[in-house]
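Try each task before you read its solution.

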Amino acid sequence: MPAAWRKYLILPKLISLSRSAPKNRTVAWDRYWAGIASTGAQSEVLWDSGTDHELLGYRDILVRHFDPGLPVVDVGCGHGGFSRALAAFSPQVTGVDVSDHAVARAQDESAGINNISFVARDMTRPGASAGLAEGTDANVFIRGVLHVLDAADQAAMMENILRLVGVRGRVFLAETNFNGNPVEYVSHLGASRRRIPAPLELAIRKLPMPGRFGPKELARVMPPDRWTLVEDGPTTIETNPLMDAYGDSRIPGYFAVLRGKVPGP
């Protein structure tokens with residue numbers, strides 16, 4: 001068998017592992033976070049690097065485009081790592097996640113930070129933006145959320161976010177944009193027939209299979225009659241460094257900054 005095809009020998013194992021993942025997205029994420037004992041670089045969380053290195057890579061972009069006087073809504077906040085980093089240069093940060101257990105953990109880990117709060121809410125539901133910015137425009141930060149949603153949920157989420165940003169707010173998003181199929185993706189992260197890194201195996205067992213989100217997907221769910229693309233380009237999504245023992249803890253990604261268009265009369 002050609003070496004390039006050997007990675008596909010893992011396919012039956014991936015199918016077997018993924019069968020246990022709940023079909024309901026909300027249930028899947030809440031059960032996942034309910035089982036997480038700790039966070040940070042040594043935890044079971046696949047996408048948690050345990051540092052603010054990735055956010056610091058975005059800092060100049062955020063400074064260029066985010067009005068510093070506006071609150072920030074961190075959509076898909078998980079345990080609140082990025083929310084806490086954003087709170088260092090934002091007047092008020094609200095982290096939002098579909099999982100009650102994620103929000104409870106984020107609140108515990110953010111104790112003593114006065115300008116941060118967390119809400120459990122599904123941002124794909126109608127009216128989900130209500131009350132998140134206290135009657136003002138907001139900047140919105142999204143990291144690693146859209147690529148795990150289907151196209152309909154992506155579009156629904158962006159409609160809610162459009163209402164949040166108003167005139168002055170901006171959206172910053174950073175998403176996985178791996179150029180390959182699911183087998184190539186998990187192989188990049190170190191999966192093989194012999195061994196799958198523990199954070200990766202847990203995600204395969206518990207969560208829906210992710211996709212990718214790049215310029216093509218953005219154009220579909222953020223059309224030019226609703227949004228103006230301000231800046232975009234390649235980036236790197238950092239995952240748990242435990243992955244480096246087997247593969248690469250860095251995933252090719254895509255970032256974009258957008259502003260909403262105010263509907264005409």
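**Exercise 1: Strand β7 and its partners**

Strand β6 (residues 227-238) and β7 run antiparallel and are joined by 11 bridges. This is a predicted model.

Task: Find which residue stands opposite glycine 260 in β7, and work out why β7 is largely enclosed.

Solution: 
1. Tryptophan 227 stands opposite glycine 260 in β7.
2. Turn to strand β5 (residues 171-176). β5 pairs with β7 in the antiparallel sense, over 6 bridges.
3. Pick out a facing pair here. Phenylalanine 172 stands opposite valine 257 in β7.

**Exercise 2: Aromatic pairs**

Task: State how many aromatic pairs the whole structure holds. Then classify the pair of tryptophan 29 and tyrosine 32.

Solution: 
1. A search of the whole structure gives 10 aromatic pairs.
2. Take tryptophan 29 and tyrosine 32. Their ring centres are 6.1 Å apart, and their planes meet at 75°.
3. Apply the cut-off: planes over 60 degrees apart count as edge-to-face. The angle is 75°, so this pair is edge-to-face.
4. Check burial. Tryptophan 29 is buried at 15% relative accessible area. Tyrosine 32 is buried too, at 2%.
5. Phenylalanine 178 and tyrosine 185 are edge-to-face, with centres 5.6 Å apart and 65° between the planes. Both are buried.

Notes
Residues numbered from 1 in each chain as written. Predicted model: local features only at pLDDT ≥ 70, side-chain atom pairs only at ≥ 80, totals over all residues. Heavy atoms only, no water. Phe/Tyr/Trp six-rings, centres within 6.5 Å; stacked < 30°, edge-to-face > 60°. Buried < 20%, exposed > 50% of the residue type's maximum accessible area, 1.4 Å probe, protein only. Helix = DSSP H or I, 4+ residues; strand = E, 2+ residues; numbered from the N terminus. Pairing = 2+ DSSP bridges.
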